[in-house]
Amino acid sequence: QVQLVESGGGLVQAEGSLRLSCAASGSIFSIYGMGWYRQAPGKQRELVATIARGGSTNYAASVKGRFTISRDNAKNTVYLQMNSLKPEDTAVYYCNAYIRAYDSSLDDYWGQGTQVTVSS
């Protein structure tokens with residue numbers, strides 16, 4: 001069994017900062033790509049940022065320059081530092097990871113989501 005558990009969401013004023021964390025646990029052999037997605041009310045889930053095992057990153061245009069994704073492979077954890085937050089960043093943020101388990105299965109895993117609310 002593999003689990004992703006997010007933390008760090010909350011309520012913040014515009015121009016404030018938050019740091020999200022997502023820790024993977026369970027029968028993990030290796031973690032490949034990791035990323036963050038978000039879903040605002042009435043909208044589809046969208047990519048925020050991804051990071052490869054080697055560290056290369058990719059960002060949505062709307063967050064580039066404000067958000068930074070990073071990972072600690074030793075801790076099986078991915079982070080999202082969010083600065084200069086805007087009300088339009090309000091959403092449920094989901095962690096995602098592509099994981100090979102010890103039984104050799106390869107699968108996409110999702111966290112339960114953490115709410116980020118930015119007030120104007």
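Trainee: Why is tyrosine 102 called exposed?

Mentor: In this predicted model, tyrosine 102 has a relative accessibility of 56%, and exposed means over 50% relative accessible area, buried under 20% and partly exposed in between, with a 1.4 Å probe and protein chains only; tyrosine 102 therefore counts as exposed. Local features need pLDDT of at least 70, side-chain atom pairs count only at pLDDT 80 or more, and totals for chains, interfaces and linings use all residues. Residues are numbered from 1 along each chain as its sequence is written, and side-chain values use heavy atoms, with hydrogens and water left out.

Trainee: What makes the pair of phenylalanine 29 and tyrosine 102 edge-to-face?

Mentor: The search of the whole structure finds three aromatic pairs, where rings of Phe, Tyr and Trp (its six-membered ring) pair if their centres lie within 6.5 Å, and planes under 30 degrees apart count as stacked, over 60 as edge-to-face and the rest as tilted. The ring centres of phenylalanine 29 and tyrosine 102 are 5.7 Å apart and their planes stand at 75°, so this pair is edge-to-face. The pair links distant parts of the chain, with phenylalanine 29 in strand 4 (residues 28-39) and tyrosine 102 in the loop between strand 9 and strand 10, 73 residues apart; strands here are DSSP runs (E, at least two residues), numbered from the N terminus.

Trainee: Why does phenylalanine 29 count as exposed?

Mentor: Phenylalanine 29 has a relative accessible area of 53%, and is therefore exposed.

Trainee: What makes tyrosine 32 and tyrosine 98 a tilted pair?

Mentor: Their rings are 6.5 Å apart, centre to centre, with 55° between the planes, and the pair is tilted. Tyrosine 32 belongs to strand 4 and tyrosine 98 to strand 9, 66 residues apart.

Trainee: Why is arginine 66 called buried?

Mentor: Its relative accessibility is 11%, so arginine 66 counts as buried. Arginine 66 is placed in the loop between strand 6 (57-59) and strand 7 (67-72), and, leaving aside residues up to four places away in sequence, it touches several residues, including Gln81, Ser84 and Asp89, a contact being heavy atoms within 4.5 Å.

Trainee: How do you know that serine 84 is partly exposed?

Mentor: Serine 84 has 31% relative accessibility, so it counts as partly exposed. Serine 84 lies in the loop between strand 8 (77-82) and strand 9 (91-101), and its phi is near 50°, a positive value in a residue other than glycine.

Technical notes
Helices (H or I, at least four residues) and strands (E, at least two) are DSSP runs, numbered from the N terminus.
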